[in-house]
Amino acid sequence: MTQSVNLSQGRSYLGIPGPSVMPDAVLRAMHRAAPNIYEGELIDMMVPLMADLRRVARTTGHVAMYIGNGHAVWEAALANVIAPGDRVLVPATGRFGIGWGEIAASLGAEVQLIDFGISAPMDMGRVAEVLEADKDHQIKAVLGVHVDTSTSIRNDIAGLRQTLDAAGHPALLMADCIASLGCDVFEMDAWGVDVMAAASQKGLMVPPGVGFVFFNDRAEEARARMPRVSTYWDWTPRAHPEAFYQYHCGTAPTHHIYGLRVALDMIHAEGLENVWQRHAVLARAVWAACDAWSRAGSFAMNVADPAHRSTAVTALRLQAPLATELRQWTQRNIGLTLGIGLGMSTPEDPKGDGFFRFGHMGHVNGQMIMGLLGGVEAGLCALNIEHGSGALEAAAKVIGQGGAYSEMQIT
Ligand SMILES: *Cc1c(COP(=O)(O)O)cnc(C)c1O
């Protein structure tokens, strides 16, 4: 019998949808002694940093920074505009939509949930029916997750705004772009988004620990009508860099600010449109490989229609428990970490061992994606999991052609 050799030594690769791979330049910028928080460089950095953050969100509105993760900014966004007893509409397309609704409920909001399941985008017709039925405008906000990271569904946030406008409904449009910002195309102002939540550890390529709430003047007016907002979550002082630093909000996230400075410089040096294009091409390479694998056995992409897929994350299915076994194999044998299936348990698969995910967000390039896909191919072969052939060649073609690959070829 031949002895199998463990091939996991070497630089490991985190192919999960956040935290994403962090650029060495970001890590180097953070590796420093504690800075002066009263005056000098750190203070001077804040105004341009916030301007460059707004450029990534495509907004001329305001941005408030919090020491916290995505869950923190979910709460921060709501705490400024939703009072106990207010109603919010949650058109959910996965675990993250439902999770944001749960935070709203915990703050005392009345949550009206439309659950679109785990493989379909929001159906705007159904959202329109609910809005039109709300004649006396009890719904104060619609909470839309742009990319639901659990299912990899990308929703049409501009379409959600059109749906609100067509119904003549004044509710705020609030978007969760925690997974999508800096990956999938997003235009806060052009799409009419009033409040948007994002965090550092996905497309923004910085360790988890800072979150952002972007808001426009309409949202600020809603904030002014609130009976009370807790001091910590209040976005008003945080949207003003001087106040943020010196007086109102506690110690600043000093090292994250240095890391974020470098990450934003990288994004703007590449050009935000080019960043979006890169994600689109790399996602198509992932999908081309997945299409090939899907031609035999149980392998399948969770979202059938490419028009509704995120370019930042891909959720996948394999007959349970093969998804978990594949993840464990790549982890133990070749130093590749794949994402778990999140919130995807079903009565037949209570532990969700039939789902897994690839993260392809942020600091990713062609060779990293080929490495990810090659590692998965190795695992499929090692575990004798039935799959279609030609996946790596299909992905290599997309990358080799630099994305000159029409959507038609995907299916
Ligand atoms: C990651 C993520 C969250 C949660 O962020 P945490 O930092 O893990 O709290 C929320 N929404 C979406 C869409 C996400 O991708």
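Between domain 1 and domain 2 of this predicted model, 16 residue pairs are in polar contact, both residues at pLDDT 80 or more; such a contact is a pair of N or O atoms within 3.5 Å, one able to donate a hydrogen and the other to accept it, with sequence neighbours counted only if both atoms are side-chain atoms. On the domain 1 side, α11, β12 and β14 each supply at least two of the residues that touch domain 2. These elements are DSSP runs numbered from the N terminus, helices (H or I) of at least four residues and strands (E) of at least two.

| Element of domain 1 | Residues |
|---|---|
| α11 | 272–293 |
| β12 | 313–317 |
| β14 | 355–359 |

The largest share of that side, five residues, comes from α11.

Now to the domains themselves. Domain 1 covers 13–21 + 272–405 and domain 2 covers 29–268, with bounds from an automatic or database domain assignment. Their centres, taken over C-alpha atoms, are 28 Å apart. Domain 1 brings 31 residues to the contact and domain 2 brings 29, where contact means heavy atoms within 4.5 Å.

About 2,400 Å² is buried between the two, 59% of it from carbon and sulfur atoms; this is the accessible area (1.4 Å probe) lost on being put together, summed over both parts. Leu272, Trp276 and His308 lose the most area in domain 1, together 27% of what that side buries.

There is also one salt bridge between the domains, a term for a Lys or Arg side-chain nitrogen within 4 Å of an Asp or Glu carboxyl oxygen.

Residues are numbered from 1 along each chain as its sequence is written. Local features need pLDDT of at least 70 and side-chain atom pairs pLDDT 80 or more, while totals for chains, interfaces and linings use all residues, and side-chain values use heavy atoms, without hydrogens and water.
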